[in-house]
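Colleague: I am new to this one and would like a close look at a single part. Please keep it brisk.

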Amino acid sequence: MRWLTLYARSRQIPASLAAVVISAVAVGALARDGGGGPGDPRLPVLVLATGAMAVSIGLSGQDLALDRTAAIRWVPRRAAHVLLCGAVVGTVLLTVQAMGEDMATTAFVVRDSAGLMGLVALGAVLSGGQYAWTLPFAWLSFSFFAPPPTSAPTQVASWMLLPPGTAAGTWTALVLAVAGTAAYAGAGPRR
């Protein structure tokens with residue numbers, strides 16, 4: 001149990017979890033005040049993206065040389081870390097939503113949290129843990145200002161905002177989740 005506590009502290013999980021909860025509660029309060037219309041996906045996507053960006057800092061340790069001396073293999077640990085972070089981010093939104101305004105369906109939350117964690121994992125592989133947040137931030141920013149999703153490329157570009165049953169949104173999120181988790185588990189964060 002001690003190793004789990006040390007791992008959580010080295011990955012800044014308590015601070016990341018606090019940021020995830022605070023952002024979800026703040027956006028939940030905005031939803032109650034009429035910040036977005038019913039069925040507006042921007043607020044739940046903002047919560048999920050903020051949560052994914054907050055936990056991204058934990059995708060790299062404080063000392064890479066020390067991380068390599070671990071007795072437990074890193075591949076399953078890294079994959080579990082990404083999957084668990086995605087589950088926590090989605091669960092926090094669903095919990096806040098259960099206490100107040102209904103912002104998104106469970107299918108929407110699962111799809112977007114998985115895709116966003118895949119983006120964060122890819123960001124960690126490409127830029128390191130300290131800059132892993134840039135990839136989901138850039139994609140989120142683009143999707144907010146992208147043209148209406150009428151063609152396949154624009155649907156892929158705005159997958160975060162599409163309804164949960166949309167094939168392009170589901171497949172894009174699935175590809176990002178699998179590719180990001182596999183790349184991060186195998187290669188780890190950029191040094």
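Which residues does Ala104 touch, not counting residues up to four places away in sequence?

Modeller: A word on the source first. This is a predicted model, where local features need pLDDT of at least 70, side-chain atom pairs count only at pLDDT 80 or more, and totals for chains, interfaces and linings use all residues. Residues are numbered from 1 along each chain as its sequence is written, and side-chain values use heavy atoms, with hydrogens and water left out.

Now the contacts. Ala104 touches Pro44, Gln97 and Val109, leaving aside residues up to four places away in sequence (contact means heavy atoms within 4.5 Å). Ala104 lies in the loop between helix 5 and helix 6 (helices are DSSP runs of H or I, at least four residues, numbered from the N terminus). Ala104 counts as buried because its relative accessibility is 10% (buried means under 20% relative accessible area, with a 1.4 Å probe and protein chains only). Leu43 is 61 residues from Ala104 in sequence, yet their C-alpha atoms are 8.9 Å apart.

Helix 3 covers residues 42-55. Its 14 residues reach 20 Å from first C-alpha to last, close to the 20 Å expected at 1.5 Å a residue (the expected span is 1.5 Å times one less than the number of residues). Of those 14 residues, 11 are buried, so helix 3 is largely enclosed by the rest of the structure. Leu43, Pro44 and Val45 are among the buried ones. The buried residues of helix 3 pack against helix 2, helix 5, helix 6 and helix 7.

Take helix 6, residues 106-127. Helix 3 and helix 6 pack at an angle of about 35 degrees, with their axes 9 Å apart (axes are lines fitted to C-alpha atoms over the stretch in contact, and angles run from 0 to 180 degrees between N-to-C directions). The residues of the contact divide into 12 nonpolar, one polar and one charged.

Leu116 also belongs to the largest nonpolar core, of 39 residues, where Leu116, Met117, Trp159, Met160 and Tyr184 have the most contacts. Helix 2, helix 3, helix 5, helix 6 and helix 9 each supply at least two residues of this core. Met160 touches Val45 and Leu116, among others.

Finally, the whole protein. It has nine helices and zero strands. Of its 191 residues, 46% count as buried.

Conventions. Nonpolar A, V, L, I, M, F, W, Y, C, P; charged D, E, K, R; others polar. Core = buried A, V, L, I, M, F, W, Y, C linked by side-chain atoms within 4.5 Å. Buried < 20%, exposed > 50% of the residue type's maximum accessible area, 1.4 Å probe, protein only.
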